[in-house]
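Hello,

Here is the structure we talked about. Please look it over, then read the notes below.

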Amino acid sequence: HRTSPHVSPFDGTNLDHTFRYGALPREGVCTENLTPWLKLLPCRDKSGVAVLLQDRQRVLSALYQSLTVSLEVTPEGGLDLEQTLTLV
């Protein structure tokens with residue numbers, strides 16, 4: 001699946017028609033990009049399933065790692081944030 005970037009000026013009025021996609025295929029998960037990702041979670045790594053992320057060495061030694069952040073504009077004009085961490 002390939003996507004072509006749709007570039008339009010961001011002026012706050014065209015959110016429903018704007019799509020941004022970025023990928024860093026050679027950028028591994030490390031503490032420099034895991035920490036800001038964790039800060040987006042309401043309780044960081046202090047409760048819930050995120051407690052499994054407290055052992056950073058275990059997270060960083062996984063054979064496959066993927067971090068994603070997705071923002072979507074709601075019909076009411078708000079933003080939905082979805083975060084995904086995949087470790088194998």
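Predicted model: local features only at pLDDT ≥ 70, side-chain atom pairs only at ≥ 80, totals over all residues.

Residues are numbered from 1 along each chain as its sequence is written, and side-chain values use heavy atoms, without hydrogens and water.

Salt bridges. There are 2 in the structure (a side-chain nitrogen of Lys or Arg within 4 Å of a carboxyl oxygen of Asp or Glu). Asp45 pairs with Arg56 at 2.9 Å, N to O. This pair links distant parts of the chain: Asp45 lies in the loop between helix 1 (31-39) and helix 2 (56-60), and Arg56 in helix 2, 11 residues apart. Helices are DSSP runs of H or I, at least four residues, and strands are runs of E, at least two, numbered from the N terminus. Lys46 also bridges to Asp45, at 3.3 Å. Shared partners join Asp45, Lys46 and Arg56 into one network.

Asp45 is buried at 5% relative accessible area. Arg56 is partly exposed at 22%, and Lys46 is exposed at 62%. Buried means under 20%, exposed over 50%, partly exposed in between (1.4 Å probe, protein chains only).

Gln83. This residue sits in strand 2. Its side chain reaches the backbone oxygen of Trp37 at 2.8 Å (a polar contact is a pair of N or O atoms within 3.5 Å; within protein, one must be able to donate a hydrogen and the other to accept it, and residues adjacent in sequence count only if both atoms are side-chain atoms). Gln83 and Thr68 are 15 residues apart in sequence, yet 5.7 Å apart in space, C-alpha to C-alpha.

Surface. Leu71 is in strand 1 and is exposed, at 56% relative accessibility.

Best regards
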